[in-house]
Amino acid sequence: MALTLTCPICGQRNGYEFRYGGEEKGPRPDEEGLSPEDWCDYVHLNKCVAGIQKEWWFHRDGCGAWFTTQRDTTVNLEVEQPEAQL
Amino acid sequence: MNPEIWRRSPVSFDRRPAQTETRDNWMVVLKYEDESEGPYLIDLSPRTRWDVQDSHLAEIRPGGVPIPDKPGQCTFQKGILVNRMNRTQAAVWHLTGETPEPPAHAAYTDVTESTVFLALVGRRVFAITEKLTSLDFLDPARSAPFLLQGPFSHVPCQVVTLEKSPDRAGILLTCSRGYARDLVAAILDAGEEFGLRPAGQIAFHNWLEELGY
C-alpha cells in the first residue's frame, strides 16, 4: 500500500519523498540525575504501537521540513493532518 | 578571479553554438544554431545563485530584495528571484544583470558551481513536465512566481513557475550538479514530441522581456 504524507509546507506527497524520524517520545529528559540506563531507554526503546502512533518525518526530497504526524501502523495510512514544525 | 581558472557548466548540449561569450570565467552560450521557435531548454548554470540560511530571514534583504514570509512564495525584483524554501532557508537566483559577490554575512553560501540551473520555456512546457513529475506547476490556488520542491524526473529539485500562460509558459529548476547530464537527457527525451530544443541565454532574456520582467 502506498503511503502518502501531508507536509505542512508542500501538502500531500508520496511517502517515498520522506525520511522516517522515529516515534514522538516527548521532551528530552532532564539531564540532572539521569542514569545511563534511563537515557539509553529514552534513545533506543520504542513502543511500536499497533494502531495510531505519533511520529516524526523529514521531507527529504522536498522542502526539508521536520514535522510530526499521526499514522495508523496497522494499515500504514496517515490519519490526521501534521502538526507543523515551521 | 584568476583568468586561468575555468568554470564549467555541468550541462552540455549536442548542438553547435552559434554565439558565445566569456563571463566570469564561464564560457556562456548565447545562441545555438537552428534554435527554431521552441519550446526551449536553456542552461542558466553560469547565473549566480546563493543559498541563505538564518533563523531571522525577515532581517535579510539579498540585493535589496525582501525574502517572502511564507515557504513556497517568491519575490522577483531587480532581476533577482528570491524563493522562500522553509522556516530558515531561502534561495537567491540572479537571472539578469552583473555577477555580484555574495555578501559577507554568514547566512550566505554561493551554490552556483554546486548546482545545475535550467529554464524550460515556451509552448507546451507543461505537457512536457507532466511526463516527468507529479508536481502541479499550474496550481490554480497559486499565482506565479511560486516555488515547488520535490522530485522532477526522480531528482529532488527546486522548481519555480514563472509564467503559466500557454504560449509563454516557463519554469526554472535547480538541483545538485551531479544530476545534470541525466536530467537534461530525460527532459530532452520527454520534449522531443513537442519540438523541445536547446537554446542559448539570448532566448531566455527575450522570453523574460516578453513577460515584462
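A cavity is defined, on a 1 Å grid over the protein atoms alone, as a set of points where a 1.4 Å probe fits but cannot get out, whereas a pocket is an open set with protein on both sides within 12 Å along at least five of seven lines; lining residues have an atom within 4 Å of a point. Volumes are the space filled by probe spheres set on the grid points, which are joined across faces, edges and corners. The model is predicted, so that local features need pLDDT of at least 70 and side-chain atom pairs count only at pLDDT 80 or more, while totals for chains, interfaces and linings use all residues. Residues are numbered from 1 along each chain as its sequence is written, chains are lettered from A and ligands numbered from 1 in the order in which they are written, and side-chain values use heavy atoms, without hydrogens and water.

By this rule, 1 cavity of 30 Å³ or more was counted. The largest cavity has a volume of about 40 Å³ and is lined by A:Ile9 and A:Cys10 together with B:Gly72, B:Arg142, B:Leu147, B:Leu148 and B:Gln149. Its lining comprises 4 nonpolar, 2 polar and 1 charged residues (nonpolar: Ala, Val, Leu, Ile, Met, Phe, Trp, Tyr, Cys and Pro; charged: Asp, Glu, Lys and Arg; polar: the others, Gly among them).

The largest pocket has a volume of about 410 Å³. Of its 23 lining residues, B:Met85, B:Gln89, B:Thr115, B:Gln158 and B:Cys175 are the closest to the centre. The lining divides into 10 nonpolar, 9 polar and 4 charged residues. At least two residues each come from β4 (49-53), β7 (89-94), β11 (155-163) and β12 (170-176) of chain B, strands being DSSP runs of E with at least two residues, numbered from the N terminus. Because domain 1 (17-47 + 112-211) and domain 2 (49-110) of chain B both contribute to the lining, the largest pocket lies between them; the domain bounds come from an automatic or database domain assignment.

In chain B, an open sheet of 5 strands shows antiparallel pairing in the order β5-β6-β7-β4-β8, where pairing requires at least two DSSP bridges between two strands. β5 and β8 (108-110) of chain B are the edge strands, each pairing on one side only. Strands β4(B) and β7(B) are joined in the antiparallel sense over 5 bridges, and B:Val52 stands opposite B:Ala90 in β7(B). Antiparallel strands β5 (residues 74-77) and β6 (residues 80-84) of chain B are linked by 4 bridges, with B:Gln77 opposite B:Ile80 in β6(B). The hairpin formed by β5(B) and β6(B) has 2 residues between the strands, and B:Lys78 in the turn has a positive phi of about 55°.
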